Amino acid sequence: MKRLIILLLIFSCSSDKSVQPEVCDNNYNPPFGGTIFIDPDIITSDDPTTFISLSYAGTGTRQMYDRRSGWVTLEPFLFPAEYDDGLTIEIQVNPEFGSKENAEIYALKYADVIGRLTTELRKDVETSWIHRGEEPFGGGNNNLLIHTDWSEKHYENQGILEETLVHEAAHTSLDSYHAESNGWLDAQIKDCGFISDYARDNPIREDIAESYLPYLAIRYRSDRISESLKKKIEDAIPNRIKYFDEQNFNMYPIQ
Ligand SMILES: [Zn+2]
């Protein structure tokens, strides 16, 4: 139970969910281990994409991060991807894919999926690195890091490819503005807890990314998720939800 019973009695009649309990329940546990797994239908492959087209720009020297080996300097295949809100992303495909034709298959696939993310989530994404390998995705570095073997075996099997990219793009385009803002840190304190174990264990690095997908689910996809899932999210992070509401994020093409 999140709040002490006495506080529930005091505040149960209040319609303002952002009220701060005076004492946090130290035995509180987050409702989820991690949030990319909460529901596979928040964004699906049937949803609209902002992706317009891909061109081929040859190969070029680029510094890339690869979870199998760290920072590496390679000559990736380069595919600038255009989106209908004016954003572009240079997709850099590891030379290990062998040919321009093979690299293009993966560049196209992920350019399209990334286009289902909102303008807000793509605004600072300048590049995407595509590697083989059984390693998780990553965000930050003005980039989205993709490992295709892990993508196929885990995210795509579970239907959470788009959901995972929402999490990673939140690192890239939201963290630097919000993760340590006064409003966010204040919301963390007022909520008396975290949405997931992963956020609790990494409160600066993961809290925005872990909280944002559940927020997107309750605000823009409430028709696709269960009432109980919605309630779990609303009960866990009411002040963070309020914080996100106040940001006026550009939600195109989701809304
Ligand atoms: Zn993360």
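## Helix α5 against the sheet

Helix α5 (residues 161–173) lies across β7 and β8, and its direction makes an angle of about 25° with β7. Keep in mind as you look around that this model is predicted.

## The sheet

The sheet that includes these strands is open and is built from 6 strands with mixed pairing, in the order β1-β4-β5-β6-β8-β7. At its edges stand β1 (51–54) and β7 (138–140); each has a single partner strand, so one side of each has no neighbour in the sheet. From one strand to the next, the twist averages 20°.

Further in, strand β6 (residues 127–131) pairs with strand β8 (residues 143–147) in the parallel sense, over 5 bridges.

## Helix α2 and its two sides

Now for helix α2 (residues 100–114). Its 15 residues should span 21 Å at 1.5 Å a residue, and the 20 Å between its end C-alpha atoms agrees with that.

Which residues of α2 are buried? They are A103, Y106, A107, Y110, A111, V113 and I114. These residues cover an arc of only 160° around the axis, which means that they sit on the same side of α2. On the other side of α2 you will find E101 and I105, both exposed.

## The nonpolar core

In soluble globular proteins, nonpolar side chains tend to be buried together. Here the largest nonpolar core has 58 residues, and those touching the most other members are I91, V93, A107, Y110, V166 and Y212.

Conventions: Residues are numbered from 1 along each chain as its sequence is written. This is a predicted model: local features need pLDDT of at least 70, side-chain atom pairs count only at pLDDT 80 or more; totals for chains, interfaces and linings use all residues. A nonpolar core is a set of buried Ala, Val, Leu, Ile, Met, Phe, Trp, Tyr and Cys residues joined through C-beta atoms within 7 Å. A residue is buried if 20 or more other C-beta atoms lie within 10 Å of its own, exposed if 12 or fewer, and partly exposed in between; C-beta atoms are placed from the backbone. Helices (H or I, at least four residues) and strands (E, at least two) are DSSP runs, numbered from the N terminus. The expected span of a helix is 1.5 Å times one less than its number of residues. The arc is that of the directions from the helix axis to the C-beta atoms. Two strands pair if DSSP finds at least two bridges between them. Axes are lines fitted to C-alpha atoms, for helices over the stretch in contact, and angles run from 0 to 180 degrees between N-to-C directions. Two residues are in contact if their C-beta atoms, placed from the backbone, lie within 7 Å.
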